[in-house]
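This report describes one protein model in words. Please keep the sequence and the structure in view while reading.

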Amino acid sequence: RASLGKLYSELPFQILYVCVYSTIVYPMVDLHHGGESWFYFIFLSFLIALTGHGIGVMAGASVSSVEKAMSLLPLLTILPVLFSGFLLPLKISRYGYAGCNILVLSNGC
């Protein structure tokens, strides 16, 4: 219950940070122009931020000290990086990458 309360209390800040980040970064990298694609970008950025927050809360709750949690976090984050398809070519990761490209770089259809 404490983790849910922490999540709900930090949710407005997460939304604010993601909106500020997306408002600055989206025009800088010159992605697809249009409101719908921008909202998809905000939505995907928000989901990524929530995932990172959840991994941090999970690491903090699973061990007894901050030092152990800080040593556990690289192990939890390096596995998705290795198997995302950029370092090790995997055919299944291609579909997730293509889906993100469709949502962000096109009209969303």
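## Buried residues of helix 2

In this predicted model, helix 2 contains several buried residues: Ser37, Phe41, Ile42, Leu44, Ser45, Phe46, His53 and Ala59. The helix itself covers residues 35-62, which amounts to 28 residues. From its first C-alpha to its last it reaches 40 Å, close to the 40 Å expected at 1.5 Å a residue.

An α-helix has 3.6 residues a turn, so residues three or four places apart point the same way.

Histidine 53 lies in helix 2 and counts as buried because its relative accessibility, 16%, is under the 20% limit. When neighbours within four places in sequence are set aside, histidine 53 is in contact with Lys6, Leu7, Glu10 and Gln14.

Alanine 49 also belongs to helix 2. Its relative accessibility is 23%, so alanine 49 counts as partly exposed. Apart from neighbours within four places in sequence, alanine 49 has contacts with Gln14 and Val18. The C-alpha atoms of alanine 49 and tyrosine 17 are separated by 9.3 Å, although these two residues are 32 residues apart along the chain.

## An aromatic pair

How many aromatic pairs does a search of the whole structure find? The search finds three. One of them is formed by tryptophan 38 and phenylalanine 39, with 5.1 Å centre to centre and 65° between the planes. This pair is edge-to-face because its angle is over 60 degrees.

The two partners fall into separate accessibility classes. Tryptophan 38 has a relative accessibility of 23% and therefore counts as partly exposed. Phenylalanine 39, at 53%, counts as exposed because its value is over 50%.

## A nonpolar surface patch

Which residues make the nonpolar surface patch of about 750 Å²? The patch is made by Phe13, Leu16, Tyr17, Val20, Ile24, Met28 and Val29. Valine 29 is placed in the loop between helix 1 (2-28) and helix 2.

## The protein as a whole

The protein has four helices and zero strands. Along the sequence, its pattern reads α-α-α-α. Of its 109 residues, 15% count as buried, and His53 in helix 2 is one of the buried residues.

The accessible surface of the protein comes to about 8,000 Å². Carbon and sulfur atoms account for 75% of that surface. Among contacts between residues at least 6 apart in sequence, 51% join residues at least 24 apart.

Definitions and conventions: Residues numbered from 1 in each chain as written. Predicted model: local features only at pLDDT ≥ 70, side-chain atom pairs only at ≥ 80, totals over all residues. Heavy atoms only, no water. Phe/Tyr/Trp six-rings, centres within 6.5 Å; stacked < 30°, edge-to-face > 60°. Buried < 20%, exposed > 50% of the residue type's maximum accessible area, 1.4 Å probe, protein only. Helix = DSSP H or I, 4+ residues; strand = E, 2+ residues; numbered from the N terminus. Expected span 1.5 Å × (residues − 1). Patch = residues over 30% accessible without salt bridge, like charges linked within 9 Å, V, L, I, M, F, W, Y side chains within 5 Å. Areas by Shrake-Rupley, 256 points an atom, 1.4 Å probe, with all protein chains shown as cover. Salt bridge = Lys/Arg side-chain N within 4 Å of Asp/Glu carboxyl O. Contact = heavy atoms within 4.5 Å.
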